[in-house]
Amino acid sequence: MQNPQQRWDTVILGAGAAGLMCAAEAGKRGRSVLLLEHGERAGRKILISGGGRCNFTNLDSKPANFLSENPHFAKSALSRYTPQDFVALVEKHRIPYHHKTLGQLFCDGSAQAIVTMLEAECREARVVVQGRTAVERVSRNADGFAVHTSAGVRLARTVVVATGGLSIPKMGATGIGYDIARAFGLRMVEPRAALVPLTLAGDALEHWAAIAGVSAEVTATVIPATKRRASAPIFREKLLFTHRGLSGPAVLQASSYREPGDSVRLDLAPGQQVFTPLLAPGARRDEASTSALLRAHVSQRLSDRWLRANAPPDWKNRSLEQMEATLHAWTLPIAGDEGFSKAEVTRGGVSTSDLDSTTMQARGVPGLAFIGEVVDVTGHLGGHNFQWAWASAVAAAAAL
Ligand code: FDA
């Protein structure tokens, strides 16, 4: 039974990836730690991550894999806790894992192994985990903070907000971290859905939804609606057509850079000259030979649909060259995205301009730290978001 008058060295809000890691690290440093979670169990997003196998880090993780208003902010924490550090923890717990692609490491078995590992680390560090306790607000008192919860008030010398972003509310996401930041006068970068499927509308939706389920290896990027914005990175991964528009890793990656009014640009045959044989003297120039050439790169259903929308007006060289150019810079207007219920992460959040990049504490509120997804640092797909959760947690714990 907890003594409500006990004053904890640190109370951590949210037992997700960042909260569990921070609790274990702070406990190991001899701090008394209370970890509060409103769900029944810890690490629910870890359990559903990576298709149930948790893509727990990325060996190639570097600052360029993160979006933030301040692209330098994450560098300190990321350099002090690297993917190899997390791999060492996974190996210490004898969790079998494998490299899938592009530096991505996954568990061989269930993601449960990662949650079990973090819970074991917390137990060893004598962290007290209290579930079914919703954090309602945080206030300051003479010698620290009071955390107001559905189970009463908890007193703390320091508080770490690790309540995540808004994505997947049915997994426990709430905006409480943002509310706490605002209450302490911290600036916010508007939270938006990221790593999220994009939607099409009108004729484009009607035309492309007909091949929902079809995928292709492409490059994808967003084309800003205004020239004032810098161009977005180009991602080479899979595209998936859906009933509402476009998804697959390439599009999810591009979605993190999207602003209203932007388009998506796809290359359906990166690095290949598909229609060049049609230009040869004496080559057959008709629908059948065009389709045969495209089918060597994409599935028949995509080839048929694409040629219906992009057939050349005639068989002259210029028209064929234009069709080749369109295939490599195929641009579709984006209507919107599928929102927080489908977004893998939230971009934006607590502004890095009000946080210390070494301690993750609010500049004007010593002892109050923000870590993980609640902060305006958003990773690319592929294990980078967990790497940020681990690294920001360890950075905060070192200063508690
Ligand atoms: P996280 O959301 O994990 O934890 C926040 C915790 O706070 C939750 O437990 C929540 O219940 C709790 N909480 C919220 N409000 C509260 C309140 N009022 N009171 C008490 N507790 C409260 N990333 C990656 O690197 N590799 C991957 O494979 C995947 N896969 C993936 C799949 C899917 C479907 C999703 C939705 C997301 C991913 N991600 C991912 C992203 C990754 O899951 C995410 O970036 C981290 O979980 C963020 O960790 P945090 O601890 O910051 O938040």
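This is a predicted model: local features need pLDDT of at least 70, side-chain atom pairs count only at pLDDT 80 or more; totals for chains, interfaces and linings use all residues.

Let me start with strand 6, which covers residues 104-107. Which of its faces are covered? Both are. Gln-104 and Phe-106 lie on one side, Leu-105 and Cys-107 lie on the other, and all of them are buried.

Now the partners of strand 6. Strand 3, residues 55-58, pairs with strand 6 in the antiparallel sense, over 3 bridges. Within that pairing, Thr-57 has Leu-105 as its bridge partner. Strand 5, residues 97-99, also runs antiparallel to strand 6 and is joined to it by 3 bridges. Here Tyr-97 is bridged to Cys-107. Strand 5 and strand 6 make a hairpin, with 4 residues between them. In that turn, Leu-102 has a positive phi of about 50°.

Next, the cysteines. How many disulfides does a search of the whole structure find? The count is 0. Take Cys-54: the nearest cysteine sulfur belongs to Cys-107 and is 5.3 Å away, and Cys-54 is in no disulfide.

Is Thr-57 buried or exposed? At 0% relative accessibility, Thr-57 counts as buried. Its side chain makes a polar contact with the side chain of Gln-387, at 2.6 Å. Setting aside neighbours within four places in sequence, Thr-57 is in contact with several residues, including Pro-83, Val-87, Gly-103 and Gln-104. Its contacts also include Gly-382, Gly-383 and Gln-387, as well as its bridge partner, Leu-105.

Strand 13, residues 215-223, and strand 14, residues 235-241, are antiparallel and pair over 6 bridges. One of the pairs there is Thr-219 with Arg-236. Strand 14 also pairs with strand 15, residues 245-247, in the antiparallel sense over 2 bridges.

Last, the cores. The largest nonpolar core has 82 residues. Which residues have the most contacts inside it? They are Leu-13, Phe-86, Ile-114, Phe-370, Trp-388 and Trp-390. Helix 12, residues 384-398, supplies the largest share of this core, with 10 residues. Apart from that core lies another, of 38 residues, and among them are Trp-208, Ile-211, Leu-307 and Leu-332.

Ile-114 brings us back to the cysteines. Not counting residues up to four places away in sequence, Ile-114 touches both Cys-54 and Cys-107. Its other contacts include Phe-56, Phe-86 and Trp-390. Ile-46, Val-90 and Ile-95 are also among the residues that Ile-114 touches.

That is what I have. Questions are welcome.

Terms used. Residues are numbered from 1 along each chain as its sequence is written. Side-chain values use heavy atoms; hydrogens and water are left out. Buried means under 20% relative accessible area, exposed over 50%, partly exposed in between (1.4 Å probe, protein chains only). Two strands pair if DSSP finds at least two bridges between them. A disulfide is a pair of cysteine sulfur atoms within 2.5 Å. A polar contact is a pair of N or O atoms within 3.5 Å; within protein, one must be able to donate a hydrogen and the other to accept it, and residues adjacent in sequence count only if both atoms are side-chain atoms. Contact means heavy atoms within 4.5 Å. A nonpolar core is a set of buried Ala, Val, Leu, Ile, Met, Phe, Trp, Tyr and Cys residues joined through side-chain atoms within 4.5 Å.
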